[in-house]
Amino acid sequence: MLKYLVPIGLFAVLFGFMYFGLGRDKQTLPSPLIGKPAPIFALPLLEDPSKTFSNSEFAGKPYVLNVWGSWCVGCRHEHGALMEIARRAEVPMIGLNWNDDREQALLWLKQLGDPYAINAFDGESRVAIDWGVYGAPETFLVGANGKVLKKHTAPITVEIWDQEFVPLLKQAAQP
Amino acid sequence: MKKILAASLLALLWFQALAIDRAPAFEDPAMQTRYERLARELRCLQCRSETIADSNAQLAVDLRRQLRELMAAGKSDAEITRYMTERYGDYVLYKPPLVPRTWLLWAAPVLLVLGGGIAAAIVISRKAKLPDTDPTDPGLGAS
């Protein structure tokens with residue numbers, strides 16, 4: 001009896017590991033920032049390097065921070081969804097233009113449309129590193145209390161927005 | 001022979017010098033060694049299976065600059081590690097930390113060797129008790 005139970009048992013364990021391993025997303029890294037205060041930054045504007053923008057100007061209000069660059073293929077994929085999210089105007093969207101070329105970025109917004117309330121230019125990755133960004137596009141939701149509620153890595157879609165972000169908006173509005 | 005040895009050693013040194021950045025980051029050799037060691041302990045999250053010392057992805061280049069700045073600012077190894085894990089999580093450490101979540105991971109090699117050893121011991125001791133039935137063995141039937 002034991003002769004059959006041992007291999008069957010081993011098979012079951014291995015099968016279990018592999019079965020659950022299949023469904024797991026190993027690409028997306030959990031952000032240690034969730035539930036913690038969003039890093040405050042001050043950066044020049046994309047449109048005008050002489051002007052500075054800080055996300056502290058949004059203190060007390062929920063906002064979305066979207067990390068993008070004109071070099072980023074995934075950002076082009078999600079741009080339509082960002083335009084739709086911006087059209088709904090549920091929450092303002094800050095753009096973090098990461099490691100980009102200003103002219104290319106401005107051309108991108110001119111050609112594809114501008115979903116952002118404001119765009120900060122992070123040419124040296126300093127703010128991106130503070131936010132734990134490892135691959136654009138990344139989308140953060142920050143609540144009115146200044147805490148990071150959600151992070152989505154990879155292109156966002158309207159479906160993901162509806163399912164994962166919209167349910168958090170009520171909570172995000174709470175001070 | 002000596003020449004070949006010397007040449008290969010030199011080549012190794014040259015690769016060592018080339019490994020990170022174009023020029024040494026620090027004039028102080030001790031700091032440079034520390035910098036290279038730390039760079040080899042941090043993962044490039046864009047490329048996953050490379051450290052930031054090995055990778056030239058933009059993120060690795062940026063993280064190396066951050067590392068140099070933190071070192072120049074006099075931060076300790078522990079402070080630098082905390083800086084990185086606060087932003088990127090434990091995954092940024094190339095060597096996973098020994099915490100309850102990773103106990104199985106760290107114990108896996110020992111468990112596998114032990115399990116394999118036990119299985120091998122059982123099989124061998126059983127086979128040793130069997131009569132010799134090798135048909136090519138001239139001594140077949142003798143035992």
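Two strands are said to pair if DSSP finds at least two bridges between them. Helices (H or I, at least four residues) and strands (E, at least two) are DSSP runs, numbered from the N terminus. The model is predicted: local features need pLDDT of at least 70, side-chain atom pairs count only at pLDDT 80 or more, and totals for chains, interfaces and linings use all residues. Residues are numbered from 1 along each chain as its sequence is written, while chains are lettered from A and ligands numbered from 1 in the order in which they are written.

**View 1. Strand β4 of chain A and its parallel partners.** β4(A) and strand β5 (residues 118-122) of chain A pair in the parallel sense over five bridges, with A:Leu96 opposite A:Ala120 in β5(A). The chain passes from β4(A) to β5(A) through helix α3 (residues 102-112) of chain A in a right-handed β-α-β crossover; right-handed denotes a path from the first strand over the helix to the second that runs clockwise with the strands pointing away from the viewer. β3(A) also pairs with β4(A) in the parallel sense, over five bridges.

**View 2. Burial of β4(A).** A residue is buried if 20 or more other C-beta atoms lie within 10 Å of its own, exposed if 12 or fewer, and partly exposed in between, with C-beta atoms placed from the backbone. Six of the six residues of strand β4 (residues 93-98) of chain A are buried, so this strand is largely enclosed by the rest of the structure. In a regular strand the side chains alternate between the two faces of the sheet. A:Met93, A:Gly95 and A:Asn97 lie on one side of β4(A) and A:Ile94, A:Leu96 and A:Trp98 on the other, and all are buried.

**View 3. The largest nonpolar core.** A nonpolar core is a set of buried Ala, Val, Leu, Ile, Met, Phe, Trp, Tyr and Cys residues joined through C-beta atoms within 7 Å. Among the 53 residues of the largest one, A:Val64, A:Leu65, A:Val67, A:Ile94, A:Leu96 and A:Ala128 touch the most other members. Strand β3 (residues 63-68) of chain A supplies the largest share of this core, five residues. Beyond its neighbours within four places in sequence, A:Ala128 is in contact (C-beta atoms, placed from the backbone, within 7 Å) with A:Val67, A:Leu96, A:Trp98, A:Asp122 and A:Val133.

**View 4. Helix α2 of chain A.** α2(A) bends by about 45 degrees at A:His79, the bend being the angle between axes fitted to the seven residues ending there and the seven starting there. A:Cys75, A:Glu78, A:His79, A:Leu82 and A:Ile85 are buried in this helix. The buried residues of α2(A) pack against β3, β4, α3 and α5 (158-173) of chain A. Just after the helix, A:Ala89 takes a positive phi of about 55 degrees.

**View 5. Strand β6 of chain A and its antiparallel partners.** Five of the five residues of strand β6 (residues 138-142) of chain A are buried. β3(A) and β6(A) pair in the antiparallel sense over five bridges, and A:Val67 stands opposite A:Glu138. β6(A) and strand β7 (residues 148-153) of chain A form a hairpin with five residues between them, where A:Gly146 in the turn has a positive phi of about 85 degrees.

Conventions:
Contact = placed C-beta atoms within 7 Å.
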